[in-house]
Amino acid sequence: MPEDGRARQRTGARVGLLLTLVLAAVLLTALPDAGDPDDRRNGADCLPHTVASWSADDRLTAEFARYGDDATRGDDWTGGDGTHSVRLPDGRVLWLFSDTYLGQVHGPPNPVGESFTWRDAAAPLVRNSAVVMRGRSLRSTLPAPLFPDPAPGQWRWPVAARVEPRSPGSAERVVRVLLWVRTAGPAPWMYGVPTATEVATLSLPDLRVESVVTVRDEQSVPDPSRRVLFGTTLVEEGGWTYVFGGDDARAASRPASSAYVARVPEGRLGEPSGWQYWNGSGWAAGARPRAVLGDGLRTGVGSAFSVVRSAGTYVLFTMAAGTAGLTTVTSYWACSPTGPWHGPSGIFRASLPPGQVAAYNPQVHPELGGGGRLVLSYDVNWLEAGPAGGAAAQLSRNVSLYRPRFVTLRLTTAR
C-alpha cells in the first residue's frame with residue numbers, strides 16, 4: 001500500500017482509539033505536594049478559579065473555514081487537528097497542527113449530493129503542518145510536513161511552542177516547538193506507540209527548521225502505556241517553563257491516563273540537560289517522572305489538555321469524564337504545577353456539527369486573549385468507521401468537520 005494510503009488508514013483507524021483516550025479525560029485529585037516551594041510562593045494569590053461564562057468565537061472559527069475553503073490555492077491547509085499556537089515577536093501567530101489534509105476543496109454539492117464543501121478522497125494527508133496568521137487573517141501554509149518523519153514507520157506531531165532566547169541571556173530569539181514522536185504499531189496502538197519527546201528550533205523571522213533534538217527517549221520503558229510524552233501545554237513562570245505531559249494508559253484499557261510535569265530554565269528547552277522532572281518530592285534531572293494528576297483507576301487526564309496561569313492560580317482545561325467527554329469541557333485549579341488539583345468545575349458544552357462527531361483537545365491560546373478573556377479551541381473528528389467509508393471518507397465529504405472551533409471564556413475567583 002502507498003505511504004499516503006497507509007497514513008490515511010492509520011488516521012481513520014486511530015480516530016476511535018484516540019478519541020477514547022482524549023475524550024474520557026477526568027481528573028479530580030493529585031498526589032500530595034509536600035511543601036513544594038511553588039505552592040508557598042503563590043500564597044494568598046492562589047484562589048479557586050472556575051469558568052464564569054463562555055461564548056462561541058464565531059469570527060475565529062469562520063476564519064479557519066474561510067482559509068481552508070479558499071479554492072485559489074491547491075496545496076495549502078484544508079483541515080487538521082492538534083491545534084496549538086504561539087505569537088511571534090513581529091506580531092504574527094504561528095498555528096501548529098498534527099494530521100493535516102492539504103490539496104484543494106470544492107464547493108457543494110459533494111459527490112453524494114450533500115450540501116457540503118468537500119475534498120477529493122486522494123487529497124494529500126501529512127502528519128503535521130503550520131499556518132501563519134497576520135492580524136486577524138490566516139495568510140500562508142508553510143511547506144508541509146514542516147517536521148519530516150524521523151524514520152520509516154515513525155512520525156512527528158507538534159504540540160506546544162514558545163518563543164525564547166536562543167540560549168540563556170541571549171538577545172536573539174527563536175521558536176521552540178515540542179514534538180511527539182510515535183511509531184506505527186498494531187492494535188491498540190493504531191494511532192502510534194509513544195516513542196520520544198523532541199524539541200525543534202525554528203529561526204526567526206523566516207521560520208526555518210534549524211534542528212530537532214530528542215529531550216526524552218521513552219523506548220527503554222517496556223510497557224508503552226507507561227511511556228510519557230511531554231508538551232501538551234506550557235506555562236511560563238519565574239524564569240521557568242513548566243512542560244506538562246501524559247501517558248497512554250487508556251490505550252491499555254486502564255480507566256485513566258496520568259499527567260506529569262517537567263520544568264526547564266528559560267532558553268534551554270532544546271537542551272536535554274536543562275530538563276528537570278517532578279519525581280513526587282522534588283525536581284531532578286534525568287529522574288523518572290511521577291504523576292501529579294491521576295491514580296490510574298478513577299482519576300486522570302486525557303492525552304491532550306491545557307494549563308494557564310491566572311494571577312497565582314494554575315487552571316487546567318480538559319474534556320469531562322465518561323460519555324460527557326464527547327461534548328463537555330471542564331476546568332480544574334491548583335496553586336502549583338505539581339498540584340494538588342481541585343475540581344472539576346466550570347462545565348460548558350462545546351457546539352458540534354451534526355453527525356457522529358465529538359470534541360477533543362481543548363487548548364487555550366493566551367496570545368489571543370486579554371482583558372480577562374481566554375480564547376480556547378477544541379478539535380472535531382468523526383467518531384468511528386462505518387458503512388459510509390469510515391472517518392477519512394466522512395472528513396473528505398464534509399471538510400468543515402476536521403477543523404478547530406473556538407470559544408471565549410471568562411474566569412472568576414471564589415474566596
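1. A nonpolar core is taken here as a set of buried Ala, Val, Leu, Ile, Met, Phe, Trp, Tyr and Cys residues joined through side-chain atoms within 4.5 Å. Buried means under 20% relative accessible area, with exposed over 50% and partly exposed in between, using a 1.4 Å probe and protein chains only. With that in hand, the largest nonpolar core has 26 residues, of which Phe317, Leu376 and Leu409 touch the most other members. At least two residues of this core come from each of β21 (313–319), β24, β25, α4 and β26, and β25 gives the largest share, five residues.

2. A word on the ground rules: this is a predicted model, in which local features need pLDDT of at least 70 and side-chain atom pairs count only at pLDDT 80 or more, while totals for chains, interfaces and linings use all residues. Residues are numbered from 1 along each chain as its sequence is written, and side-chain values use heavy atoms, with hydrogens and water left out.

3. Now the overall picture. The protein chain has four helices and 26 strands; helices (H or I, at least four residues) and strands (E, at least two) are DSSP runs, numbered from the N terminus. Of its 415 residues, 58% are buried. Among contacts (heavy atoms within 4.5 Å) with a separation of 6 or more, 63% join residues 24 or more positions apart.

4. Do look at the open sheet, where four strands follow the order β1-β26-β25-β24 with antiparallel pairing; two strands pair if DSSP finds at least two bridges between them. Neighbouring strands are turned by 35 degrees against each other on average, direction ignored. Six antiparallel bridges join β24 to β25 (residues 373–382), and Ala359 has Val380 in β25 as its bridge partner.

5. Two helices deserve a mention. Helix α3 (residues 58–69) lies across β1, β25 and β26 (405–413), at about 155 degrees to β26; axes are lines fitted to C-alpha atoms, for helices over the stretch in contact, and angles run from 0 to 180 degrees between N-to-C directions. Helix α4 (residues 390–397) is mostly covered, with six of its eight residues buried, including Ala391, Ala392 and Leu395.

6. A second, separate core of 20 residues includes Trp155, Trp157, Val243 and Leu269.7. Rings of Phe, Tyr and Trp (its six-membered ring) pair if their centres lie within 6.5 Å, and planes under 30 degrees apart count as stacked, over 60 as edge-to-face and the rest as tilted. By this rule there are 17 aromatic pairs. One of them is the edge-to-face pair of Phe244 and Trp341, at 6.5 Å centre to centre and 75 degrees between the planes. Phe244 sits in β16 (residues 240–246) and Trp341 in the loop between β22 (328–334) and β23 (342–349), 97 residues apart. Phe244 is buried at 0% relative accessible area, and Trp341 is buried at 2%.

7. Trp278 and Trp283 are both buried. Phe64, Trp77, Trp95, Phe97 and Phe406 form one aromatic cluster.

8. Finally, two arginines over rings: Arg127 lies over the face of Trp155 at 3.9 Å from the ring centre, and Arg263 lies over the face of Trp240 at 3.9 Å from the ring centre. The criterion is NZ of Lys or CZ of Arg within 6 Å of the ring centre and within 35 degrees of the ring normal.
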